[in-house]
Amino acid sequence: MEIRPILNMLLRHKIAALLVVLEIALSCAIICNAVFIISNRIAELRIGSGIADDELVYLSTSSLLPDVNHDALRRQDIRALSSLPGVKAVSSVNQIPYGGSVWGSDVRLDADQTRPTTNASLYMDDGQLLQTFGLRVVEGRAFTPDEYLENSTFDPNRVGQTVPAIMLSRSLADSLFPGQSALGRNLYVWGEQQPPSTVVGVTSDLMAPGEAGSFASRFDSMIFPIRVSNGGYALRTTPEQRESVLQAAVAALNREDPNRIIEEKGTLEQMRTDFHRRDRSVIWLLLAVCSALLAVTAFGIIGLSSFWVQQRTRQIGIRRALGATRRHILRYFQLENFLLSSIGIALGLFLAYGLNMLLMSHYELPRLPLAYLPVTAVALWLLGQAAVLGPARRAALIPPAVATRSA
């Protein structure tokens with residue numbers, strides 16, 4: 001076996017060997033966590049909202065008039081927007097996936113709970129939300145006309161007032177009542193002093209706005225039969241008519257109320273692109289970091305191996321003269337690199353776990369799955385073998401006579 005002479009040789013070059021080991025260890029720790037973060041960000045990019053992303057446009061408006069009747073203005077706006085060519089459905093909304101407005105509420109199963117069971121996103125339905133968003137009622141029913149409330153008459157802080165009926169997303173229903181039906185269950189969403197609200201339906205999953213971590217699940221959402229009048233409108237049309245409908249909607253709203261400000265407008269796909277801009281930036285940044293680390297590690301191995309080949313020219317020549325084949329020389333350097341890489345990877349795996357603990361405590365990153373450790377280890381082993389291959393082959397090609405004379 002060549003392990004003993006390899007170890008003896010490495011002990012005579014402690015500083016150089018230690019630098020390579022540390023370089024590999026740091027690369028292992030950083031790359032392992034970076035790849036984990038990249039995979040999480042890519043998973044976020046692939047999550048759908050649960051609604052008709054490619055058919056929706058959104059406008060957020062406000063009026064400059066201080067005494068405007070917001071409920072009347074909402075009804076007026078809805079009529080104007082519904083009459084536009086190409087518009088399938090219009091809804092007055094309080095929030096929308098990928099939007100900046102985030103409404104939420106604590107959810108309790110019992111009135112005497114001291115801590116909420118969970119926290120969920122709140123969507124307000126004016127009677128057209130399901131059709132506009134493209135949501136399906138998968139269990140139970142939608143709201144009946146007598147269950148709807150006007151935004152101006154609803155005050156959640158007034159003791160005794162409650163929402164008579166609510167709908168839950170499939171995700172939230174399964175979370176609150178695992179293996180059971182949510183229909184007919186009472187939920188306390190305004191506090192222990194308010195009457196409960198009864199679950200009458202379960203919809204297909206509906207994404208909550210806001211960043212991941214705002215709620216226990218991205219799809220923990222509730223729908224209330226309240227007609228909000230905060231100037232937000234979602235319009236459903238065909239994908240090819242979105243831009244024209246958006247322009248027509250802006251013009252129609254300005255005709256209805258010249259004293260209006262269009263605070264936000266765009267297609268839902270544009271909003272999704274803007275929402276995930278930071279995720280994409282993080283992905284590209286971490287990919288650049290990983291590429292740089294791999295390149296630095298590879299060049300470090302190549303440089304050290306080339307230096308050692310030059311320093312050991314006489315030793316290589318003597319081994320060749322004593323009968324060592326080119327394969328033996330090649331295997332010697334590959335085994336030497338494998339030992340250094342193994343020590344660095346072993347240290348790097350511990351560092352990767354420690355770095356993950358640090359990120360978990362400061363940035364709410366999930367725990368690093370163990371599967372990432374062997375994958376990173378194999379990648380660095382292969383990188384080390386590929387990097388040492390060139391210098392090892394040059395060492396194997398040195399003729400015995402030339403090597404002996406070079407002493």
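Let's start with a cysteine. C290 has 7% relative accessibility, so it counts as buried. This is a predicted model, by the way.

Where is the closest cysteine sulfur to that of C290? It is in C32, 9.9 Å away, which is too far for a bond. Now take C28. Its relative accessibility is 0%, so C28 is buried as well. What is the distance from the sulfur of C28 to the closest cysteine sulfur? It is 5.9 Å, and that sulfur again belongs to C32. How many disulfides turn up in a search of the whole structure? The count is 0.

Next, the surface. There is a nonpolar patch here. Eight names to look for: L18, L22, L26, I30, L285, V289, L347 and L351. Together they have about 640 Å² of accessible area. Which helices supply at least two residues each? Those are α2, residues 14-46, α8, residues 277-311, and α10, residues 326-363. And which one gives the largest share? That is α2, with 4 residues.

Is L347 buried, partly exposed or exposed? Its relative accessibility is 35%, so L347 counts as partly exposed. Buried would need a value under 20%, and exposed a value over 50%.

Now to the strands. Please find β7, residues 165-169. How many of its residues are buried? The count is 5 of the 5, so β7 is largely enclosed by the rest of the structure. Look at the side chains. A165, M167 and S169 point one way from the strand. I166 and L168 point the other way. Both sets are buried.

What does β7 pair with? One partner is β9, residues 197-203. That pairing is parallel and runs over 5 bridges. Another partner is β10, residues 221-224. Here the sense is antiparallel, over 2 bridges. The landmark on this side is M167, which stands opposite I223 in β10.

To recap. C28 and C290 are buried, and the search finds 0 disulfides. The nonpolar patch draws on α2, α8 and α10. Strand β7 is largely enclosed, with β9 paired in the parallel sense and β10 in the antiparallel sense.

Terms used: Residues numbered from 1 in each chain as written. Predicted model: local features only at pLDDT ≥ 70, side-chain atom pairs only at ≥ 80, totals over all residues. Heavy atoms only, no water. Buried < 20%, exposed > 50% of the residue type's maximum accessible area, 1.4 Å probe, protein only. Pairing = 2+ DSSP bridges. Patch = residues over 30% accessible without salt bridge, like charges linked within 9 Å, V, L, I, M, F, W, Y side chains within 5 Å. Areas by Shrake-Rupley, 256 points an atom, 1.4 Å probe, with all protein chains shown as cover. Salt bridge = Lys/Arg side-chain N within 4 Å of Asp/Glu carboxyl O. Disulfide = S-S within 2.5 Å.
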